[in-house]
Amino acid sequence: MFISSVFATFEFNSENNPIYYYMKSDIEIARETSLKKVEEIAAGIGVPVDQIDNYGKYIAKLPLSLINEEKVKKNNLILVTAITPTKAGIGKTTVSIGLTLGLNRIGKNAVVALREPSLGPCFGMKGGAAGGGYSQVLPMENINLHFTGDFHAITSAHNMITALLDNYIYQNRKTGLALKEIKWKRVLDVNDRSLRNIVTGLGGSANGLPTESGFDITPASEIMAILCLSKDLDDLRRRIGNILLGYTFDDQPLTVNDLGVAGAITVLLKDAIQPNLVQTTENTAAFVHGGPFANIAHGCNSIIATKMALSYGDYVITEAGFGADLGAEKFFDIKCRKAGLSPKLTVIVATAQSLKLHGGVPEDKIKEQNIEGLKNGLPNLDKHVENMKRFGQEVIVTFNRYATDTDEEIAMVAEHCREIGVGFCMNNVFADGGKGGEELAKLVVETIEKKPSAPLKFIYEDSDSVRTKIEKVSAQIYGAKGVTYSPAAIKKIKQIEALGISHYPICIAKTQYSFSADAKAYGVAKDFELNVRDVVINNGAEMIVIIMGDIMRMPGLPKVPQAQKIDIVNGNIEGLS
C-alpha cells in the first residue's frame, strides 16, 4: 500500500506499522521541474506562436481574437468543486490540475483553467495557491506573487476611480453637484483588518473633504468581477462606465461614465484582460486568469480564459472556490448564465478530515481514524451532491487521500457513493501527479460518454425579485428556513428596484465553513435563519452582492502569518507551499 500526504509518504511494513518517507515541499518540486519554453507549450495545443505576448520564458498572454466560439460550444467543460472545507482547504486546485494531467496521460487533449492567487492569503494563511505536490501550475513563484501584474492593474484601476471620484467631490464642493451618498471604496491585495473602516481627507481643506471610507481586498473589487465576466475589451469598457459610485442630492445615480473616465480606466486594464498561459508540472497547458474569492465574490476564473481553454482543449477542467454551496452555485447562476457555458460534469472533492469535522470530530482530532465521525459527516457530502443535481449536473465524487487516512475510511465513502448512485474514485495526484489521476480521468471520460449532460438549470430566474432570488438560494442550496433583512439591506433593495436592475444575478457573501452564516455550524445546519446585513450594487459587473452574517470583504491576518516563513535564501524563494 502507498499513501500520500501533504508532508510525507509512507508504506506499511510486515507488522502493519507505517514507515515514513520524506515528501519534498511544493516549491522544491516546482524548482526541480524542467520547464518548457512557453512557445512550445502554446504550439502543443495549437496556439499560433506568433500571436502570443511573452512575459519572460515561461509565461505568455494571448489575444482574445484566438477564442473560437464553435469549439467553446463543442468541447467538454468539467467543474471541480468540493464539500464544505476545513480551514486548511480541501485540494480543489490540486485535483483540478491532477485530473487534467490524468486526462492527458490517457490520451485526451486536456487543459486546465484556474484563478490567480491573491497575495493576501499567500502571505496570510495559505502560503500559495498554485496546486500542490506533483500537481502544480508553474512557474509557481511567479504565479503566487506578481505574475503578469493583473492584480496590480485591477488594484490601480479601482483606486484610480476612487481618486477621480474624490477629486470630483472636492472640485464640486461649493456647487450643487456634490454627492449625498458614496458607494465606492478602495482595495488592496493585502490582508489588513485595520483598513476595513477609515476616514480620509484629514489635515485641512487642501487634503480633501473628511469622508468615511474603507478597503476591501482586491479579489472582492468590482473591477475584478468585471474583468472576469467581460467578453472582450469593448464589453470591459461598457461595464466600467456603468459602475455605480454614489447618489446625488436629488437621488440620481452617479457612474464612472458621468465622470468621463471609463476610457482611461480601460487603458489600465488593456493587458490584464488577456488570459495568461503557463504550464503544469507535466508540461501541459494551463490558463490562469482572474482571482475573485467565492466567500466574498463570485469565485471563478475569467470567462475569457475558460473560453480560450475550450478553444484549444477537448477537455477543460476548471474549479470554483470553497464548497459547492458558494463557488459552484455562483459558477452556474452567474458565470454560466452570463457566458452561455454548460459543464458536462461536476466533480466533488472530499477528504476524510473534512468529513470528520462535519461529523462532530474536534478539529484537532480529524487526522485520527474515526469511522463513526466520518460516517456522521457524510450528510454534508450528500447535501452538496443533491445541490449539484438541482442544476441538472451529472456528479462524481473523488476522495483526496492523505497519509492519516485508512482503507476502512475510504471504503466507507466509496460504498456510500455507490448507495446514493454517484461515481466514486480515489485520487493520489499530490504524490503521483498525472499517474495518480488516471483512474479519475477514466471515470470522468466514461461518465461523460455514457451519460449525456442534461440542460443546465438555474436556481432562480432573471425575472425573479431580488428577495425571491435570495430566498431561493438560501432555502434550496443552504437549507435555511427563512431570511431576514436589515434596514440598510431593505433600503438597498428598494434602490435596486428603482434603478430597474432587479434582473441581475445575486452573489451571496458569507462564511465558507458552513451552509449557514455561523462558521462553527458544521455538518448540515438545520432550522437556521440567514440575515442579509447589507447589499452592494455591482452595476458594472451586473450582479448584486448580498452580504450575510459577519463576513468581511477585507480579511485579517492570522496570529502566525505565512509571511513569517517566506524568505529568499541563496537566491531561491522559500515558504511558498
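Start at the beginning of helix 9 and select Asp232 and Asp234: a side-chain oxygen of Asp232 comes within 3.2 Å of the backbone nitrogen of Asp234. This is a polar contact (a pair of N or O atoms within 3.5 Å; within protein, one must be able to donate a hydrogen and the other to accept it, and residues adjacent in sequence count only if both atoms are side-chain atoms). The model is predicted, with local features needing pLDDT of at least 70 and side-chain atom pairs counting only at pLDDT 80 or more, while totals for chains, interfaces and linings use all residues. Residues are numbered from 1 along each chain as its sequence is written, and side-chain values use heavy atoms, with hydrogens and water left out.

Now select the whole of helix 9, residues 233–241. Helices (H or I, at least four residues) and strands (E, at least two) are DSSP runs, numbered from the N terminus. Here Asp235, Leu236, Arg239, Ile240 and Gly241 are buried (under 20% relative accessible area; exposed is over 50%, partly exposed in between, with a 1.4 Å probe and protein chains only). What do the buried residues of helix 9 pack against? Show helix 8 (222–229), strand 16 (253–255), helix 10 (256–259) and helix 11 (262–268) to see their partners.

Keep helix 8 on screen, as it gives the most to the lining of the largest cavity, with 3 residues. To find the centre of this cavity, select Ala220, Ser221, Ala225, Ala297 and Met543, which lie nearest to it among 13 lining residues. Strand 26 (543–548), like helix 8, supplies at least two residues of the lining. The space inside is about 40 Å³, and the lining divides into 9 nonpolar, 2 polar and 2 charged residues. For these classes, Ala, Val, Leu, Ile, Met, Phe, Trp, Tyr, Cys and Pro count as nonpolar, Asp, Glu, Lys and Arg as charged, and the others, Gly among them, as polar.

On a 1 Å grid over the protein atoms alone, a cavity is a set of points where a 1.4 Å probe fits but cannot get out, and a pocket is an open set with protein on both sides within 12 Å along at least five of seven lines; lining residues have an atom within 4 Å of a point.

Move on to Val137, which joins Leu99 and Ile546 in touching the most other members of the 169-residue largest nonpolar core. Beyond its neighbours within four places in sequence, Val137 is in contact (heavy atoms within 4.5 Å) with residues including Ile97, Leu114, Ile143 and Val288.

Then select Leu138 and Pro139: the peptide bond from Leu138 to Pro139 is cis, with omega near 0 degrees. Pro139 sits in the loop between strand 9 (135–138) and helix 6 (140–144).

Phe147, in the loop between helix 6 and helix 7, has a positive phi of about 50 degrees although it is not a glycine. Asp251, in the loop between strand 15 (244–248) and strand 16, has phi near 65 degrees. Are they buried or exposed? Phe147 counts as buried because its relative accessibility is 13%, whereas Asp251, at 47%, counts as partly exposed.

Technical notes. Points joined across faces, edges and corners; volume = space filled by probe spheres on them. Core = buried A, V, L, I, M, F, W, Y, C linked by side-chain atoms within 4.5 Å.
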